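This briefing sets out the fold-level figures and selected local features of one protein chain. Please consult the sequence and the structure alongside the points below.

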Amino acid sequence: MEVKLENLSKVFPGTKNRPSTTAVGNMNLVIPDGQLVGLLGPSGCGKSTTLYMIAGLHKPTDGKIFFGEEEVTNVPPEKRGIGLVFQNYALYPHLTVRQNIMFPLENIRPKMPKEKMAEIVNEMAKLVDIDRYLDRKPKELSGGQQQRVAIARALAKKPQVLLLDEPLSNLDARLRLQTREEIKRIQRETGITTIFVTHDQEEAMSISDFIVVMKMGVIQQIGKPQDVYDEPINLFVAKFLGSPAINVFDGRIVNNKVYVDGKVFDGVGFTGKGELDLGSEEAYNAYVTAGYKGTYNDYLKLVYHFGEETQEVPETTGTEEHPEVQQEVVYEKGEPIEDYKFEAEIKERMLSMGIKLKDSEVEEALEKVREDLGLNRIVKIAVRPESFIVDEKGKIPVDVRNVEHIGRDVSIVGTISKQTHHVRILIPSDLRGKVTSDKLSFSAKKYYVFETSGTRLK
């Protein structure tokens, strides 16, 4: 059964002390018939809310849900033909495994013959490999076995769509691995369209036909797991996928080339030339974005009044007839102020006047302006741990802090020279002999370049 979401949104209303929350925003997604798709993202990204709207447990604020050609947006959950498995199993403790699996069948109308119900229970129990435990109570089973009972119960009514909400989160590492393989097998044998919610990227990538990466209620990227891993569309996706996590460090575009520590890292395919005039309206708007409340004129006083020699002569707007009338002093722009170091001076002057802004928000807003104007700017370079190559002529200088064996690999932990970001590098153990210094240079078999806003450049 194909599942289609059209402009689907869910907004939870606020209260007197709490604003409304957009859990899912204008989602469009098609899940092909018979596929297993993983909804993946950090806690609070809207993936479970999406699942519950598909299940009918949450009513969408806007948008439509289709199962095949039928719109089910307002169809009650029990009439949608879905099977739902929760992370806490939700088994009835006083019933046996057999009775738990049979429970949804007993509510079917017209009433199903007992022989037929028994046949389905045995079929489902065998499918999930718990037929030996049909007469046990849930408390007599392991966590993995209980989860399989929950899956068998969800499958008993032969649903058109199977929905799994963090089904492995309560299992230990060994059982998680075993149970996710079982889920993949069961889905393949039944051919049921399955939607699997998880925050565990390894879990999603191991069993899904394709994954949907979400952030703050918005889809970031859709694709086959390996394709999304190899070609992340933005910095968020690159950082979210991968274990160990991808390494991210600073570079800078200067005159259409990317530099790391003052050396050209990549000189092809970039646009960025000239510096931002910190006295411009664009720079002022960046400070406003970061929380500055003053007028543009007030901002000019801050920017240009670093000392008497740099202070601009103001224009006065009083008249000869009424010189006593106090008019606002209007500052004119002076020579362009185009150096990153002046950001610190502006910050100090603001602090002296009691204006406190978050450094990270100011930097983010200014870099976005530089990005939009196509100027010299900071960028983020990302390299996966396995993509480094020890190279005497490499352009990535690393100060080595620690070296250890991890299976067949050697893990090197260090910092990019002149930067504070830690990096983790994985190289084959037979190259350990090359790690003979506390300062090494590396090249990258593959790397990505992103704007600080997250947009991918290369």
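The charged end of Arg370 sits over the ring of Tyr340, at 3.9 Å from the ring centre; this term requires NZ of Lys or CZ of Arg within 6 Å of the ring centre and within 35 degrees of the ring normal. The model is predicted, so local features need pLDDT of at least 70 and side-chain atom pairs count only at pLDDT 80 or more, while totals for chains, interfaces and linings use all residues. Residues are numbered from 1 along each chain as its sequence is written, and side-chain values use heavy atoms, with hydrogens and water left out.

**Overall form**

- The chain comprises 12 helices and 20 strands, where helices (H or I, at least four residues) and strands (E, at least two) are DSSP runs numbered from the N terminus.
- The radius of gyration of the chain is 30 Å, whereas a compact globule of 458 residues would have a value near 23 Å; the radius is taken over C-alpha atoms, and the globule rule is 2.2 Å times the number of residues to the power 0.38.
- The C-alpha trace spans about 100 × 70 × 35 Å along its principal axes.
- Of the 458 residues, 46% count as buried (buried is under 20% relative accessible area, exposed over 50%, and partly exposed in between, with a 1.4 Å probe and protein chains only).
- The chain exposes about 23500 Å², of which carbon and sulfur atoms supply 50%; accessible areas come from the Shrake-Rupley method with a 1.4 Å probe, and for residues only the protein chains shown count as cover.
- Among contacts in the chain with a separation of 6 or more, 66% are between residues 24 or more positions apart, a contact being heavy atoms within 4.5 Å.

**Strand pairing**

- Strands of a sheet pair through backbone hydrogen bonds, either parallel or antiparallel; here two strands count as paired if DSSP finds at least two bridges between them.
- An open sheet of four strands has the order 2-1-4-5, with antiparallel pairing. Strand 2 (21-31) and strand 5 (70-71) stand at its edges with a single partner strand each, so one side of each lacks a neighbour in the sheet.
- Glu6 has Lys64 of strand 4 as its bridge partner.
- Strand 17 (residues 409-416) and strand 18 (residues 422-428) run antiparallel and are joined by seven bridges. Ser411 has its bridge partner, Leu426, in strand 18.
- These two strands form a hairpin with five residues between them, and Lys418 in the turn has a positive phi of about 70 degrees.

**Aromatic and charge-over-ring pairs**

- The chain has 11 aromatic pairs, counted where rings of Phe, Tyr and Trp (its six-membered ring) have centres within 6.5 Å; planes under 30 degrees apart count as stacked, over 60 as edge-to-face and the rest as tilted.
- The ring centres of Phe388 and Phe442 lie 5.8 Å apart and the ring planes are at 80 degrees, so this pair is edge-to-face. Phe388 belongs to strand 15 (residues 388-390) and Phe442 to strand 19 (residues 439-444), so the pair ties together parts 54 residues apart in sequence. Both Phe388 and Phe442 are buried.
- One aromatic cluster is formed by Tyr284, Tyr287, Tyr292, Tyr296 and Tyr299.
- Arg384 places its charged end over the ring of Tyr229, at 3.9 Å from the ring centre.

**Backbone geometry**

- Most residues other than glycine have a negative phi, and most peptide bonds are trans.
- The Ser243 to Pro244 peptide bond is cis, with omega near 0 degrees. Pro244 lies in the loop between helix 8 (235-240) and strand 11 (247-254).
- Glu166 has a positive phi, near 45 degrees, and occupies the loop between strand 7 (161-165) and helix 5 (173-190). Glu166 is buried, at a relative accessible area of 10%.
- Met216 has a positive phi of about 50 degrees and lies in the loop between strand 9 (210-215) and strand 10 (218-223). Met216 counts as exposed, at 64% relative accessibility.

**Surroundings of Thr179**

- Thr179 is part of helix 5 and is buried, with 2% relative accessibility.
- Apart from neighbours within four places in sequence, Thr179 is in contact with Gly144, Gln147, Leu168 and Leu171.
- Tyr92 is 87 residues from Thr179 along the chain, and their C-alpha atoms are separated by 21 Å.
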